[in-house]
Amino acid sequence: MSLCGWGMLLQAQQPLHQNKFRQLGQELPTPNVYRNAAGAPGHAYWQQQADYELDVLLDDEQQRIYGSGFITYTNNSPDALEYLWLQLDQNVRAKDSDTKKTQTGTLSENMSINRLRQMHLDFDGGFKIEYVKDAQGKPLPYTIVKTMMRVDLPQPLKPGEQFRFQTKWWYNINDRFRHGGARSGYEYFKEDGNYLYTIAQFYPRMCVYNEVDGWQNKQFLGRGEFTLSFGNYRVRITAPADHVVGASGELQNPEEVLTAAQRKALEAAKTANEPVIIVSEAEARKAEKKKANKTKTWEFYAQHVRDFAFASSRKFIWDAMGVRSGDRLVMAMSYYPKEGNPLWERYSTRAVAHTLRVYSKYTFDYPYPVAISVHTDRIGMEYPMICFNGGRPEADGTYSERTKYGMISVIIHEVGHNYFPMIVNSDERQWTWMDEGLNSFLQYLTEQEWERGYPSRRGPAYKIVDYMKGEKSTMTPIMTNSESIYQFGNNAYAKPATALNILRETILGRELFDFAFKTYAQRWMFKHPSPADLFRTMEDATAVDLDWFWRGWFYTTDHVDISLDEVKWYQIDTQNPEIEKPLARQEQAGQPAYISDIRNQADIPQTLTEQHPELLDFYNKIDPFAVSILDKQEYERYLNSLDEEDRALLESDDHYYELHFSNKGGLVMPLILEFTYQDGSREVQRIPAEIWRMNASQISKVFITKQPITAITVDPFLETADTDMSNNYWPPRVVPTRFQLYKQRLQRENAMQRQRRAEQTQKAQSKAGNKTEEKGE
């Protein structure tokens, strides 16, 4: 069945400042030789490089990191630099940190011990800088400003020059549970007296210097993450001899730190179709019981990365398998304590491998030699080639469905961060959404390729509805600095991920979107993109003006609520009296009776004309719906005045529907309409968002159909995040909401525990039944 639409009726134009389709001229920076108007790096694009040679000692007795090393900084900018800025992120845990000073809180009658412990926290986890020297060992003047350190140069560093200097430092490693949670730190296992270390931000790191911000030296308060330059790392980590160490980069000295059996297993894992155990649970349990007094030094080399992190513990089980990414063999690996089994041995490395395959399909081949997932409880944090992930089973080995899928999802998400921002290296300190939002979007695509019906938390439009319809005073636009965001997870993760999914499914279509998104990823691979580069590339690669979309979704807190307010149904008056007059008679007969007329039938026994029929005249007796000879002649004359095309239109028997819509949420979106016809068939009509361009508040549109419409639904596939579906139907439909009566919740067992209890109950009942039968005999 065909369906065509008439154009939008003329609407009064809006003032320019209210026009939701005006271009993002003032909001975006002016294109230049560094970043062009197409969203690509310009012909004069440059970026700095910072190379590191580090020696690190992990003190397992005092839980400290001791470090020293050299940094070689290359000035590729056109500017002479008088000083260098470095990040001292551990100072967020210094006793006098701004993070502690600006932390707000309240008291209540019921306070948890953990909360009180945090209030009394007196931990000092800040950097202790012992020296900063040039390459020859001469002291350099430096100034520590909270979480930043300025190193003053002997003379300006000219364009194209390098400066090599050295630092030495140490700090106390924080307990992630007792010291307020953190991206880096240790987990202590009281049962066996061992530690599991996940170590990051452990060294002074160079700030980014670029043409957008100059030095990006915005203080670290704990939320806005990191902005870092690319470079090469050679890192030597000295740890207890019975520890297993995993890190960013490739292990350079396996002969010195691995047994022959472990090296053989690692080699076999390269071509294996499933994870191969390198260090078994039995080996890990044995190491837990006897702590080594000696140390080993593990050496790693990581090329073209923006950061470095590592994990170390004698508790680690280690498995690995090879994954092809383009022409490269990548080792997908997992490190986890026995407390992570059976989940981790079964799923972790497979989730790593799956993530690499799917993300590479939508972006670029994974360029690094390894991808590692490390387990420690209740965390999710990413670094080049390595990430730290939660998802722990119960002590009895069972786990809930939520734990299982939560674990798989966090691994996908954190491994996915290798692409954004470890390779497509956006400014996390300024724009959290540029990595978290894009990564959450790709996480959703990857989850759906893991399992049909995968319970993804973010991505589908309907899952963002509760947030979008919330109180506006508790929201900020996506384009808000990381430290100033309200509802961090919804704003920086869920909303941008949903926006991209809507862009892919509803606005551009999958093929066009995927091409543009891959173009963006490949343009900015190993570079530093800004939001404008993403926005411009998506338009440049699709030939679709998306300024209205970026404005609405990223620069406002508007929501989607498109209401179908009115439906008017018309048919052409054929002017054929033999058709129109019977229809008019039928319509009049179908009109409801007025209440007074109904009551007058009983209350007025006889009217005057009923008493005196002689008062009735011509007008009382004529049938207005009777067809006369004159009616027929007039109709014939009218038909003869029409040409063949007009006559066919008159006799078409089409149905005309005038639909009126209002935009109650403020966010303009395409109209997706589903029409249900009299014969039960359905048709979907997709109308671009530009239908709102002359009036973003109210519009009307006419549709022509071959048969009557019995129902209309707006957004039938839940693809626009419409926050109120009750006004999306014609005829109006009451959308039910169920309420549940409940008593105070009891602690629930997971499904595995319930099944075990059911089996035990069944067994006990069977046993009791057998005893009863024996007594009966």
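Tyr 555 is found in the loop that runs between helix 13 (547-554) and strand 25 (562-571), where helices (H or I, at least four residues) and strands (E, at least two) are DSSP runs numbered from the N terminus. The model is a predicted one, in which local features need pLDDT of at least 70 and side-chain atom pairs count only at pLDDT 80 or more, whereas totals for chains, interfaces and linings use all residues. Residues are numbered from 1 along each chain as its sequence is written, and side-chain values use heavy atoms, with hydrogens and water left out.

Is Tyr 555 buried or partly exposed? Tyr 555 counts as partly exposed because its relative accessibility is 23%; buried means under 20% relative accessible area, exposed means over 50%, and partly exposed lies in between, for a 1.4 Å probe and protein chains only. Although Tyr 555 and Pro 477 are 78 residues apart in sequence, their C-alpha atoms are 5.2 Å apart in space. Pro 477 is also one of the residues in contact with Tyr 555 once neighbours within four places in sequence are left aside, and the others are Leu 24, Glu 27, Leu 28, Met 479, Phe 535 and Trp 550, a contact being heavy atoms within 4.5 Å.

Another cis peptide bond joins Phe 420 to Pro 421, with omega near 15°, and Pro 421 is found in the loop between helix 7 (401-416) and helix 8 (433-450).

Gln 201, in the loop between strand 10 (194-199) and strand 11 (205-206), has a phi near 50°, a positive value in a residue other than glycine, and Gln 201 is buried, with a relative accessible area of 5%. Asp 715, in the loop between strand 30 (709-714) and strand 31 (729-730), likewise has a positive phi, of about 55°, although it is not a glycine; Asp 715 is buried, with a relative accessible area of 2%.

The whole protein has 20 helices and 31 strands, and 51% of its 777 residues count as buried. Along its principal axes the C-alpha trace spans about 125 × 100 × 60 Å. The radius of gyration is 35 Å, while a compact globule of 777 residues would have one near 28 Å; this radius is taken over C-alpha atoms, and the globule rule is 2.2 Å times the number of residues to the power 0.38. Among contacts between residues at least 6 apart in sequence, 76% join residues at least 24 apart.
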